[in-house]
Each structure stands twice: as structure tokens, then as C-alpha cells.
Amino acid sequence: MNISKAVASSIGNAIADDALKDADNGVWLQTLSSATQSAWQRRFYCIRWVDRLAEQDLIVQPGGEQFPAFYQAWQGLRCQGRLVGDSQHWPVLQVLAADWFQTDPSLHQVEIAAWDEYLAAIADYHQSPLIINRLDEYELMLDRLAGSCFQLLPDLQAHQRAIARRFGWVDQFYNNLRDLYEDAQQGVCYFPTEVLAQFGLTRQAILDCSCLEHPGYQPLMQFWVEDYLPHLRQHHLELLEAKDLQPAWQRLTMWFCHRYERIERIMQDCGYDFVLFARQYWPAVERELSAQRF
């Protein structure tokens, strides 16, 4: 199974090839039946595709209007329950129309609302410059982006949705930690301004990597990874204790926790130098995936 191809990865558009990133996120899928794989791949495809569309407007072709056009076409599908006019040309909308609207939309209201929330968050956080002032604003971003995203995934029972949403917070945090250098090169800094100021740092120091020579940087990262992250994990990993998870979610949580440990370990081994981390982390992922046997 080529998960990267299945979720429409962009190749070579990052410090870490997005195909490798997506393979690492989805390698656990190969342990599942083909029908289950297909359902998860369709959802990952939609989530990743729309994220890349917004990045295209922000980074590759600044000022582009593709995402707003897609957003408007989605609103048409949501209101009318079918694809009409130009909306028929969007492959992602064809997938969503088949999954949610061609049967009984009332059975998919949670997913439809979560998708709408995810698109609104994508629109709000794919801005330049993105400035997050306070820690509670950062947590709101975690919830709106990753919380809504995790509501979209298959095989969730109704009583599991809230804890799956909170699991998404932790996942987004680790992704932000992993992508510090990649994001900085694209002019993106997710550290709240108030947290940076607490350690005498600025958003610009993160973006130009001069923070690595600043005496406040190590204390910042120690707070972020050794103090704040354990607090986040303690309150948002209830999903790991659930006794009735579907097999797909059992595999997902096991593999994702392995990814989190790897990110944290290599980042600490690199002394929180996120430039060095990027150089060491992705070759390590590639070696591990090449040797992986499920």
C-alpha cells in the first residue's frame, strides 16, 4: 500500500518530503482489511488535500483564490445535498458527496459539522503573518484544527468523539514540534507571543533561527516540552484508556504514541536545536519505515 499516493501527498514541497511525512502518519493502516483501509484513506485524502490547497494559496502562489472557491463549493453541497455546477469538478467534494450525501445525510451530521469547522479553521490559520498572542489562543487553534480533524475519522462511536477530539490536541502539538524548522522557513511560528516574551524571545528570532543562540531558547523549549506538554498529555490522552476502541483506532493510537516518543526523543537528543533535528529526524523515519514489518 502506498499511503502517500493514496492521500495525494505533495512531493518535495517541504524540508521533509511530505510523502515521507504522510507515510509515517499512515503506515499502521496496512494492518487493516482493505475495506477499512479504503475508508480511512478517503478521509485522510480529503483532510490533507484541503490543507495543501490552502498552503498553495498562502505559500506557493500567495494571494491565490483556490481555497475560497472550494469553500464556497462545499457550502453549496452542504446546503443543497448534491453537487451542482462548478462544484462537480472538485474531486474531494465528489468523495464527500458519495460518503455523506448520497445515502442519508442525517446519519453524518457530526462529520458534516466537523468538516465545516475544519475548513473554517484552515481559512483562519492559513494567514500571513500568523500571530498567536496567548497560550489559550494556541489551545483554541489545537482544538479547531486538530480537534475537528479527529472528529472526521472513521470508526468512532458517539461516546468516543469528545476524547478523540482531545487526542487531536496532542497530535497537533507534536506535529508543530516536529515541523519547527519547516514552518520557520515558510514564515510560520506557532509559539504564543506571551510565551516567547517570557523567555526574552520574539517570533522573528524563531523564524530566522537566531533563537538557537539566545540564552532564553533552552529554557523556552524545556518549558514547552518538559512542563507544558506533560500537562497537555495528562488531560488529553483519555483515548488510550478506552476499552472499546475499534481495531483501526487501537492501531492508530499505538503508532501515533510511538511517533510522539520518537519526535520527543530525537528533539531532546539534538539539544532542542530544531535545524539539527530536521536533518536527523527524517532519515531516521525513512530507515524505520523501510525496516517496518507489521
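Biologist: Leaving aside neighbours within four places in sequence, which residues is R43 in contact with?

Modeller: R43 is in contact with L96, D99, W100, L152, L153 and P154 once those neighbours are set aside; contact means heavy atoms within 4.5 Å. This is a predicted model, in which local features need pLDDT of at least 70 and side-chain atom pairs count only at pLDDT 80 or more, while totals for chains, interfaces and linings use all residues. Residues are numbered from 1 along each chain as its sequence is written, and side-chain values use heavy atoms, with hydrogens and water left out.

Biologist: Which helix is R43 in? And does R43 count as buried or exposed?

Modeller: R43 belongs to helix α3, residues 34–60. Helices here are DSSP runs (H or I, at least four residues), numbered from the N terminus. R43 counts as buried because its relative accessibility is 8%. The cut-offs, with a 1.4 Å probe and protein chains only, are under 20% relative accessible area for buried, over 50% for exposed, and partly exposed in between.

Biologist: How many residues of α5 are buried?

Modeller: Eight of the eleven residues in α5 (residues 91–101) are buried, so this helix is mostly covered. They are V92, L93, V95, L96, A97, D99, W100 and F101. Among them are L96, D99 and W100, which R43 contacts.

Biologist: At what angle do α4 and α5 pack?

Modeller: About 20 degrees, with the axes of α4 (residues 66–80) and α5 11 Å apart. Axes are lines fitted to C-alpha atoms, for helices over the stretch in contact, and angles run from 0 to 180 degrees between N-to-C directions. That angle makes α4 roughly parallel to α5. The classes are under 35 degrees for roughly parallel, over 145 for roughly antiparallel, 65 to 115 for roughly perpendicular, and oblique for the rest.

Biologist: Is the crossing of α4 and α5 right-handed or left-handed?

Modeller: Right-handed. A crossing is left-handed if the near helix is turned anticlockwise from the far one by less than a right angle, and right-handed if clockwise. On the α4 side, F70, A73, W74, L77 and R78 make the contact; α5 supplies V92, L93, L96, A97, W100 and F101. By class there are ten nonpolar residues, no polar ones and one charged. Ala, Val, Leu, Ile, Met, Phe, Trp, Tyr, Cys and Pro count as nonpolar, Asp, Glu, Lys and Arg as charged, and the others, Gly among them, as polar.

Biologist: And how far apart are the axes of α5 and α6?

Modeller: 10 Å, with a packing angle of about 155 degrees. α5 and α6 are therefore roughly antiparallel, and α5 passes α6 in a left-handed crossing. V92, L96, W100 and F101 of α5 meet E111, I112 and W115 of α6. That contact has six nonpolar residues, no polar ones and one charged.

Biologist: New topic. Which residues touch the most other members of the largest nonpolar core?

Modeller: W28, F70, W74, W115, Y138 and W249, in a core of 103 residues. Such a core is a set of buried Ala, Val, Leu, Ile, Met, Phe, Trp, Tyr and Cys residues joined through side-chain atoms within 4.5 Å. F70 and W74 also take part in the α4 contact with α5, and W115 in the α6 contact with α5.

Biologist: What does W249 touch?

Modeller: Not counting residues up to four places away in sequence, W249 touches W40, F150, L153, P154, D155, L156, A164 and L239.

Biologist: What about the phi of D155?

Modeller: Positive, about 65 degrees, although D155 is not a glycine. Most residues other than glycine have a negative phi, and most peptide bonds are trans. D155 sits in the loop between α7 and α8 (161–178), and with a relative accessible area of 33% D155 is partly exposed. C209 also has a positive phi, near 65 degrees, and lies in the loop between α11 (203–207) and α12 (217–236). C209 is buried, at 18% relative accessible area.

Biologist: Where is the cis peptide bond?

Modeller: Between S128 and P129, with omega about 0 degrees. P129 is in the loop between α6 (109–125) and α7 (135–151).

Biologist: Last one: which residues is M267 in contact with, leaving aside neighbours within four places in sequence?

Modeller: L177, L180, Y272, F274 and F277. M267 is in helix α13, residues 247–269, and is buried, with a relative accessible area of 0%.

Technical notes
Helices (H or I, at least four residues) and strands (E, at least two) are DSSP runs, numbered from the N terminus.
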